[in-house]
Each structure stands twice: as structure tokens, then as C-alpha cells.
Amino acid sequence: MELVTWLTYLGVITALIAFPGPVALLCASHGLKHGHRRTLSTVIGGALAALIMMTCSALGLGAILATSEMAFLILKFVGGAYLIWLGIQSWRAPAETPQWTPSEEQAELQPLSSWSLFKTGFTVGISNPKDLLFFAALFPGFIVMDQPQLPQFAILAITWLVIDTTLMSLYSVLGAQASRWFRHAHHVRWFNRITGSLFITAGSALLRTNR
């Protein structure tokens, strides 16, 4: 892969990943509630989901999904319903102020385990069928077909994972840093309602989307 091609790909995916989507919103929310270090589990879960999506696209599943209306509808419904469920859970969450401080991030003060945070990040990342179509459409533009494709795919995937984990970690840091403004219960209540509304909006948009 030529350096110019890789730099072009780097710029494209940085802009795409930086735009806040459901996973970024989740990382910021978990950063606020659980601290940056614990939210790394959420980041890793989302990154693993992206890797699986990329691999599936490379194996041709993205093309299958693009031609199968029923498969797309099923995955779209599952993903949209899950995002809406997350939004409802956020709306109903108690207005508890963050229980961690930068010196207490290792303390077991939160009910959610790292595994639970990982599963939530993974589920949000894997539940959007549009990502399969996205990777299926993105990668061919940066792969030279008359050269070995596996090394090129590896470069594209690793680059994506590095940028993805870096930017999602930054979202979790922003959420954690914002905790100082959420020491009052009514601030937390409004935060839960805003993030819940955004999740519901994202889920509704996914349900309405076409291939």
C-alpha cells in the first residue's frame, strides 16, 4: 500500500470516527458515570465489534446483507430496538452523582463490572447493520486488487482500530472530566435524559434507514 493511499485513508476514517455516534455517546456517558479507566472496557468492546464488522465485510457478508432485504431488516430492527432500550434505561436511571474521583477509579464503587461495560460497548458496536455495508463500501476504494489483499486489509483494519480506540478513549476522558459539573442530582437527571433521548433518536433513525 502506498503512503499517499494510507494517509488518505487515515484522514477519511479520522473524520468519520470523530463524528459522534452511538458508541462515542456511550463512551462519554460511561466516562462520566464510571471514570476513564473503567470505561476502557467499553472502548475495547466497541473496537472488537468494529473488527468483527470489518472481517465480515472482507469475507463478503456485507455484500450479502446488501442484497438480502430480510437479513437487513432483521439486523436493523435488533440494532434499533437495542439503542432505544438503552435510551429508555438512561431516562429511567436514578439521578446519582458520579461516585468516583481520579484517585478512586480503582475502587469497587460501581455496580457495573468491567465485563458488563465491555458487553454494552460490544453490543452497541455490533448491532448496526449499516456498518457492514459501510466497511464493504469503504475498503475496496483503498485496496489494490492486483496486489496481495490480506496485508492491505490488515493495514486498514489495524489503522482503524488505533484511531477508533484513541478517539473513543478521548470521548471517555471528556465524559470523566465533565463529572465535576455533575455533583448535583438534577444535573445528572438532565444528562441521563439528554443521552437517553439521543440513544432513542439514533435507534429510531436506524429503524427508518434504508440500505
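Is Thr165 buried, partly exposed or exposed? I looked this up first. The model is predicted. Thr165 has 27% relative accessibility, so I put it down as partly exposed. Buried would need a value under 20%.

**Entry: Thr165**

I placed Thr165 in helix 8, which covers residues 149–177. I then listed its contacts, leaving out residues up to four places away in sequence. Thr165 touches Val43 and Ala47. Last, I took a C-alpha distance to Ile17. Thr165 and Ile17 are 148 residues apart along the chain, and their C-alpha atoms are separated by 9.7 Å.

**Entry: Ser41**

Next I turned to Ser41. It sits in helix 3, residues 36–58. Its relative accessibility is 17%, so I count Ser41 as buried. Which residues does Ser41 touch, not counting those up to four places away in sequence? I found Ser114, Leu117 and Phe118.

**Entry: helix 2**

I went on to helix 2, residues 22–34. How many of its 13 residues are buried? I noted 11, so the helix is mostly covered. Among the buried ones are Cys27, Ser29, His30 and His34. Val23, Leu25 and Leu26 are also on that list.

I checked the helix length too.

Just after helix 2 comes Gly35. I noted a positive phi of about 90 degrees for Gly35.

Key:
Residues numbered from 1 in each chain as written. Predicted model: local features only at pLDDT ≥ 70, side-chain atom pairs only at ≥ 80, totals over all residues. Heavy atoms only, no water. Helix = DSSP H or I, 4+ residues; strand = E, 2+ residues; numbered from the N terminus. Buried < 20%, exposed > 50% of the residue type's maximum accessible area, 1.4 Å probe, protein only. Contact = heavy atoms within 4.5 Å. Expected span 1.5 Å × (residues − 1).
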